[in-house]
Amino acid sequence: MDLTILGAAIAAGIITLATAIGIGKIGSNALQSIARQPEAGDKIRNAMILACALIEGIAIICAIICLLIVVTK
Amino acid sequence: MNTPRIHYISLLISLLAHTRGVPCCHAENTPKEENHLLEHVADAPVWHFATINGKELTIYLPIIVYKQEAGFAAFSSRKFWDANHHPTSYQGFYLDHHTKKVKALDGKRVYDFSFSKNAAGVLLSLLILLVLFMSLASYYRRRPIHKAPKGVWLLLTLLVCFVRDHIAKGNIGKKHYRRFTPYLLTLFCFIWLNNFLGLLPGAANVTGNISTTLVLATFTFLVTHLNASKAYWHHIISPPDIPKWLYPIIIPTEILGLFTKTITLMMRLFANILAGHLVLLSIITIIFILKTIFASIIVVPIGTFMIILKLGVSFLQAYLFTLLSALSIGGAVASHE
């Protein structure tokens, strides 16, 4: 039983959890504000995409770190 | 206009900066077994397209190395294999097959300037971009100004207008956006095209290589800071409304903050594209691991979905890189009105 690989797997799971929570909050707030004011839909969509992509950037960087842990073990 | 010349030069510099792409991971599980998955996404001195009926379709790219005593040596990488496809050495250099680097037989330091697979991939996309956009320019020159473009020229015009209106004008401001639109357009089209081409089998994985994204992020850094206004530097060197005894803490943090944006730009593009390629390759490799063709009933739909996702990701990552560059440039160029 290799603890390094177990550690990397658990880390990947935690990253997924955190990213999903963050992007879910952004998405729900964006939907609420679009429903409240449909004319501002374009601006809200641009801001949502920007925020989502920044969060996903961190998530994917950490995924690569987990991959590095497994491969260079 | 002197801005187009700067872009040709910067593209040329990015070509020369591809000395050797570092393979992203070392696969050293056992000495005998090589990691075929990572070979597909790593850099190499030859461009291996496919192996058809035992015959290999490869392009043997030139190797240009420099050793302290021997000076420059340039030869085709074909010389590293002899007639029976066994690896040999040539002129005192040999190719280390694990790390795919050129080493000297006597262990001295070798400076490697070879033209690797990624550099050839960059050249290919450069060629495609040049052909596309120069013909677009000549199309516009020939046409009377009031007629709308048609067909594929309309598509390219939509792309240019998208970058100019949504990315450049919205973020840099009406006064300065025209100076930076060529750079942003080059960045967008180059990244999108390379992400796109990397999905094909036998293609060079250009943007999934950390060297390429480092160079692109450095260009953004240089463009931002060479054009920054005085107000921008004032904010960093002497931020207003801060008591003077906090300066030793604030100023290093501000200087670090200059670099974190660049580093995150680089890592985001690299990690997204690399992860996409690795996942796609792993899914296809499931068929080879299970050694049965009936595994393809599950693998092909998953693979199709993944490749559609990768097409979306390639556009999104190009858009995001360009958007964040435009934001940095806008923040640097803006002056206090």
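Trainee: What pLDDT does chain B average, and what percentage of its residues score at least 70?

Mentor: Chain B averages a pLDDT of 79, pLDDT being the predictor's confidence in each residue, from 0 to 100. A score of at least 70 is reached by 86% of the residues. This is a predicted model, in which local features need pLDDT of at least 70 and side-chain atom pairs count only at pLDDT 80 or more, while totals for chains, interfaces and linings use all residues. Residues are numbered from 1 along each chain as its sequence is written, chains are lettered from A and ligands numbered from 1 in the order in which they are written, and side-chain values use heavy atoms, with hydrogens and water left out.

Trainee: Where in chain B does pLDDT stay under 50?

Mentor: That stretch is residues 15-33 of chain B. The model has 41 contacts for these residues beyond four places in sequence, a contact being heavy atoms within 4.5 Å. For the model, the scores are ipTM 0.81 and pTM 0.81.

Trainee: How many helices and strands does the secondary structure of chain B come to?

Mentor: Chain B comes to nine helices and eight strands. Helices (H or I, at least four residues) and strands (E, at least two) are DSSP runs, numbered from the N terminus.

Trainee: Why is Phe188(B) called buried?

Mentor: Buried means under 20% relative accessible area, exposed means over 50%, and partly exposed lies in between (1.4 Å probe, protein chains only). Phe188(B) has a relative accessible area of 0%, and is therefore buried. Phe188(B) is placed in helix H5 (residues 177-197) of chain B. Beyond its neighbours within four places in sequence, Phe188(B) is in contact with residues including Phe315(B), Ala318(B) and Tyr319(B). Phe188(B) and Ala318(B) are 130 residues apart along the chain, with 5.4 Å between their C-alpha atoms.

Trainee: What makes Lys117(B) count as buried?

Mentor: Its relative accessibility is 7%, so Lys117(B) counts as buried. This residue lies in helix H3 (residues 117-142) of chain B. Neighbours within four places in sequence aside, its contacts are with His40(B), Ala42(B), Asp43(B), Ala44(B), Val46(B), Trp47(B), Leu61(B), Ala203(B) and Ala204(B).

Trainee: Why is Gly257(B) called partly exposed?

Mentor: Gly257(B) has 32% relative accessibility and therefore counts as partly exposed. Gly257(B) is found in helix H8 of chain B. Between its C-alpha atom and that of Gly276(B), 19 residues away along the chain, the separation is 29 Å.

Trainee: What makes Asp42(A) and Arg45(A) a salt bridge?

Mentor: A salt bridge is a side-chain nitrogen of Lys or Arg within 4 Å of a carboxyl oxygen of Asp or Glu. The N to O distance for Asp42(A) and Arg45(A) is 2.2 Å, and their side chains meet in a salt bridge. The two residues are three residues apart in helix H2 of chain A, so they are separated by about one helical turn. Asp42(A) is partly exposed at 48% relative accessible area, and Arg45(A) counts as partly exposed at 42%.

Trainee: Which residue forms a salt bridge with Asp165(B)?

Mentor: The partner is Arg164(B), with the closest N and O atoms 3.3 Å apart. Over all chains, the count comes to two salt bridges.

Trainee: How many salt bridges does the rule find across the interface of chain A and chain B?

Mentor: The rule finds zero salt bridges there. Across this interface, 12 residues of chain A are in contact with 18 residues of chain B. The area buried between the chains is about 1200 Å², of which carbon and sulfur atoms give 81%; buried area is the accessible area (1.4 Å probe) that two parts lose on being put together, summed over both.
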